[in-house]
Amino acid sequence: MPDILLPLMGASGAVLAFFAAQYVASLLLPGERVDLPDDDGGTHVFKFNGLAALILTLVVVGVGQALGWFSLSALYHNFLELFVAANLITLLLAFWLYWRGKDAPGAPSGFMRGFFVGRALNPVWRGMDVKFFSYRPSLIGLALFNLSFAVVQYENHGEITLAMALYQAFTLVYVLNYFQFEQGMIYTWDIMSERFGLMLAWGNLVFVPFFYCIAGWWLVDAPYTLSPVAAVLIALLFAVGFWMFRGANQQKHRFRQDPNITIWGRPVETLDGRLLVSGFWGIGRHLNYTGEICVYTALLLTTGFVAWEPWLLLAWLVGLLAHRSHRDDLRCQAKYGELWDRYKQRARFSMVPYIY
Ligand code: NDP
């Protein structure tokens with residue numbers, strides 16, 4: 001048997017067990033349920049218990065780590081095997097999604113498009129939206145990888161550096177916030193309009209957990225010390241970015257639920273009651289993206305400039321979100337027509353006032 005086969009089988013078992021545990025937790029844990037119409041004319045049930053699933057996972061791994069049942073450092077030491085296993089399992093999932101979506105309304109024709117982009121908008125298995133669920137192993141997996149870097153640093157060097165502590169705080173706030181605000185996710189483009197195929201499945205189950213943790217990986221043995229002054233400045237950037245990112249998303253979510261809310265102490269202003277022009281949405285059309293870029297810049301600054309590789313994440317995010325804002329403009333132009341032109345006159349810039 002080739003040397004790689006046994007570790008790969010172990011890693012595949014671990015990834016499958018993790019996915020299965022998250023699925024069962026998502027089915028069983030209590031949470032509010034919401035029915036929403038989707039773009040294919042169907043109705044969809046979402047259950048919001050991601051925060052409970054995250055907390056339960058953190059408690060279980062925290063207790064297991066403290067009692068010495070296992071060490072999270074195994075994630076770091078078996079990163080490559082886990083990565084290969086996650087790729088293989090996601091590929092199998094994509095075949096299943098393709099087969100499952102054979103009768104989906106409006107599915108793209110042809111194997112390549114149907115397999116890559118996806119056929120069904122919101123495939124359901126055992127009463128759960130599989131696409132909505134996929135964000136749980138994605139972000140909980142990311143949180144576990146990040147924690148494993150702190151454990152390895154402690155095991156190797158006997159301390160957690162200031163840079164690592166700051167990185168852990170930022171990433172934990174980011175993931176906790178995602179699940180605390182899980183209700184807002186159902187109004188996002190991915191959930192409402194993107195079909196679920198290899199592209200989104202791979203993005204969620206492989207790319208996010210294995211690539212978005214790149215800065216933490218570099219911090220494990222980082223040969224430098226972050227000064228307290230730099231730490232305060234980085235934390236400030238994180239706070240401002242987070243305020244913009246979370247604030248903009250929340251304003252839109254609150255407006256969608258009740259068009260008569262107040263924003264920043266004033267009654268909400270809209271265009272024909274359909275588009276929000278108060279708060280962040282009156283300043284720019286995608287300040288939520290800008291906020292997220294600031295959050296990741298702060299996160300990456302914890303690595304200083306010890307290596308260029310962590311900065312690949314920022315290059316990726318800037319490219320992704322700038323392209324996405326352009327695609328979203330086209331989508332909204334098609335949906336809202338003249339109203340979108342009026343909105344563009346009101347909020348002239350997309351992500352950076354006076355620049356873009
Ligand atoms: P948005 O949450 O910005 O949603 C865009 C949609 O909001 C539009 O298509 C339109 O949809 C509606 N909308 C736009 N302008 C207005 C307005 N003025 N008033 C009311 N509704 C408006 O985009 P995404 O779904 O792309 O992103 C959600 C979050 O996810 C963002 O914070 C983003 O940063 C994050 N994200 C993170 C990624 C990562 O890899 N880290 C990747 C992608 C996103 P409609 O009118 O049809 O409702």
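Mentor: A salt bridge here is a side-chain nitrogen of Lys or Arg within 4 Å of a carboxyl oxygen of Asp or Glu. The model is predicted, so local features need pLDDT of at least 70 and side-chain atom pairs count only at pLDDT 80 or more, while totals for chains, interfaces and linings use all residues. Residues are numbered from 1 along each chain as its sequence is written, and side-chain values use heavy atoms, with hydrogens and water left out.

Trainee: How many salt bridges does the count come to by this rule?

Mentor: Side chains of opposite charge can pair when their charged atoms come close. One of the pairs is Glu338 with Arg342, whose side chains meet at 3.9 Å, N to O. By the rule, the number of salt bridges is 7.

Trainee: By about how much of the helix are Glu338 and Arg342 separated?

Mentor: Helices are DSSP runs of H or I with at least four residues, strands are runs of E with at least two, and both are numbered from the N terminus. Glu338 and Arg342 are both in helix H16 and 4 residues apart, so the separation is about one helical turn.

Trainee: Are Arg136 and Glu182 buried or exposed?

Mentor: Their salt bridge has an N to O distance of 2.8 Å. Both Arg136 and Glu182 are buried.

Trainee: How far apart are the closest N and O atoms of Glu269 and Arg346?

Mentor: Glu269 lies in the loop between strand S6 (266-267) and strand S7 (270-271) and Arg346 in helix H16, so this pair ties together parts that are 77 residues apart in sequence. Glu269 is partly exposed at 41% relative accessible area, and Arg346 is partly exposed at 40%. In their salt bridge, the closest N and O atoms are apart by 3.3 Å.

Trainee: Which backbone oxygen lies 2.7 Å from a polar atom of the Ser138 side chain?

Mentor: Ser138 is in helix H6 (residues 130-157) and is buried, with a relative accessible area of 2%. Leaving aside neighbours within four places in sequence, Ser138 is in contact (heavy atoms within 4.5 Å) with residues including Val208 and Pro209. The backbone oxygen at 2.7 Å belongs to Asn204.

Trainee: Which element gives the most to the nonpolar patch?

Mentor: Ile55, Val59, Val63, Leu67, Trp69, Phe70, Leu172 and Leu176 make a nonpolar surface patch of about 720 Å². Patch residues have over 30% relative accessible area and no salt bridge, with nonpolar side chains (Val, Leu, Ile, Met, Phe, Trp, Tyr) joined within 5 Å and like charges within 9 Å. Helix H2 (50-66) and helix H7 (162-180) each give two or more residues. With 3 residues, the element that gives the most is H2.

Trainee: What is the relative accessible area of Leu67?

Mentor: Leu67 is found in the loop between H2 and helix H3 (73-77). Leu67 is exposed, with a relative accessible area of 55%.

Trainee: Which element gives the most to the shell around the ligand?

Mentor: Of the 25 residues around the ligand (a heavy atom within 4 Å), Tyr289, Glu292, Asp328, Lys335 and Tyr336 come nearest. Elements giving two or more residues to the shell include helix H12 (228-257) and helix H14 (287-301). The most, 8 residues, comes from H15.

Terms used
Buried means under 20% relative accessible area, exposed over 50%, partly exposed in between (1.4 Å probe, protein chains only). A polar contact is a pair of N or O atoms within 3.5 Å; within protein, one must be able to donate a hydrogen and the other to accept it, and residues adjacent in sequence count only if both atoms are side-chain atoms. Accessible areas come from the Shrake-Rupley method with a 1.4 Å probe; for residues, only the protein chains shown count as cover.
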